[in-house]
Amino acid sequence: MTDLQTLPMEFWELLVSVWQDGIQGVDFGRVLVALGILIFFYILRGLFARIVVAAAGKWAARTQTQVDDLLVEALAPALKLMVFTIGVFVAGRYLAFDGLAEELHLRLVRSMVAVAFFWAAYNFTKPLTLAFKRLEVVLTREMVDWLVTATRIAVILLGVATVLQIWGIQVAPLIAGLGLFGVAVALGAQDLFKNLLAGLSILIEKRFGVGDWVKVDGVVEGTVEHIGFRSTRVRRFDKAPVYVPNTEFADGAVTNFSAMTHRRIYWKIGVEYRTTRDQLAEIRNRIEAFLLDSDEFAKPPEVPLFVRIDSFNDSSIDIMLYCFTRTTVWGEWLEAKERLAYAVKDIVEGAGTGFAFPSTSLYVESLPGGTPEAFSPPEGSSPEGSSGGSGAQPKLPAGNPADGQTAGEAETGAET
């Protein structure tokens, strides 16, 4: 009976012992207080973002430069992480870890500080692009983008190496161990490195840029949208994207239509053979005068301009028209060419002649033997016949045709 009376007391002492021993010698009361500290700093992190970061953003918005706006935007996430990191440090100190637990706590805090630092450095690459913009005078916009991307990758690698070093993982032996693996990978990834070097050569030589209309014979034709480390994305004119390895652009002949200074129009205008010499001269002179008077077309010696009687074709006399528009934009070029076509039509028709079209003349000297004789109806007969429209046909007369010639002696000509 006495043992039953002491059981509740023993159980209570057990609960108190567990509460006091807690986790790694830290009682649960201190653990709850530490959790409260973490929750407090997490809430403080939100207040910091709403008050301090928002105030800094408003101050930066009042300045004329964009650099301070981008700096505030880049530092805000890292600063909020630092506020919570302080909470983790304070909570750990309150728990008073010792031994291995203390070492793990310090390494965790150091890791969080390193992550916050490199997070800010990574975000800082965005305002860094403004400084790189000045290099576009020497480098292309795509090379500047590559530099920004390479900088971000370097920041990530340094951050990972720093965190590994904090946790006692030596980076140098790891890199040395990966060296042999890297050689094996390099042997199997030769195309990747070829395309990478090809992409660099494209950017250095400035063969084309984003937005240019390019053509590689037998490969692709369209507008460049992105030049990557391995491939270039080209949007065809049917709006389908094509991903082309950079080696195709580096090793093949690339036509960059966007680099045109002018856009050419080359026509052969065929007029009828009945056109006289004076009409030909009038047509040529008026077309040339139209081109020289129009501001849409470039003039010599800037570009060549020819309007000449070129050749005697099978069905036409050809006039060569060779000129260049000032615009290279496709839509504007089509409009200029359309107005030129209207003018040429008015000039040709105004000269009293017309455009020729392919035709063939067929001459028949004699009809083959056995052909039916030509028929001439008898005088006074009606087309309906003597039966008054009963459907009876007149009788064919005997003898030669009315003109006195045989069918074999007749001569017929047809022209199509």
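Biologist: At what angle do helix 9 and helix 10 pack?
Modeller: Helix 9 (residues 277–293) and helix 10 (residues 330–350) pack at about 150 degrees, and their axes lie 9 Å apart. Axes here are lines fitted to C-alpha atoms, for helices over the stretch in contact, with angles running from 0 to 180 degrees between N-to-C directions. Helices (H or I, at least four residues) and strands (E, at least two) are DSSP runs, numbered from the N terminus. This is a predicted model, so local features need pLDDT of at least 70 and side-chain atom pairs count only at pLDDT 80 or more, while totals for chains, interfaces and linings use all residues. Residues are numbered from 1 along each chain as its sequence is written, and side-chain values use heavy atoms, with hydrogens and water left out.

Biologist: Are helix 9 and helix 10 roughly parallel or antiparallel?
Modeller: Roughly antiparallel. Angles under 35 degrees count as roughly parallel, over 145 as roughly antiparallel, 65 to 115 as roughly perpendicular and the rest as oblique.

Biologist: Which residues of helix 9 and helix 10 meet?
Modeller: From helix 9, Glu282, Ile283, Arg286, Ile287, Phe290 and Leu291 take part. Their partners in helix 10 are Arg339, Leu340, Ala343, Val344, Ile347, Val348 and Gly350. By class, this contact of helix 9 with helix 10 has nine nonpolar, one polar and three charged residues. Contact means heavy atoms within 4.5 Å. Ala, Val, Leu, Ile, Met, Phe, Trp, Tyr, Cys and Pro count as nonpolar, Asp, Glu, Lys and Arg as charged, and the others, Gly among them, as polar.

Biologist: New topic: how many salt bridges are in the whole structure?
Modeller: The search finds twelve, a salt bridge being a side-chain nitrogen of Lys or Arg within 4 Å of a carboxyl oxygen of Asp or Glu. One of them joins Arg284 and Glu288, at 3.1 Å from N to O.

Biologist: How far apart are Arg284 and Glu288 in helix 9?
Modeller: They are four residues apart, which means about one helical turn between Arg284 and Glu288.

Biologist: Is Arg284 buried or exposed?
Modeller: Arg284 counts as buried, at 14% relative accessibility, whereas Glu288 is partly exposed at 22%. Buried means under 20% relative accessible area, exposed over 50%, and partly exposed in between (1.4 Å probe, protein chains only).

Biologist: What about Glu103 and Arg107?
Modeller: Their side chains form a salt bridge too, 3.0 Å from N to O. Glu103 and Arg107 are four residues apart in helix 4 (residues 100–133), so about one helical turn separates them. Glu103 is partly exposed at 33%, and Arg107 is partly exposed at 24%.

Biologist: Which residues are linked in a network of salt bridges?
Modeller: Glu225, Arg233 and Arg235. Within that, the closest N and O atoms of Arg233 and Glu225 are 2.9 Å apart.

Biologist: Switching to the backbone, which peptide bond is cis?
Modeller: The one from Pro300 to Pro301, with omega near 5 degrees. Pro301 sits in the loop between helix 9 and strand 7 (306–312).

Biologist: And what is the phi of Lys239?
Modeller: Lys239 has a positive phi of about 75 degrees, although it is not a glycine. Lys239 lies in the loop between strand 3 (231–236) and strand 4 (241–245), and Lys239 is exposed at 63%.
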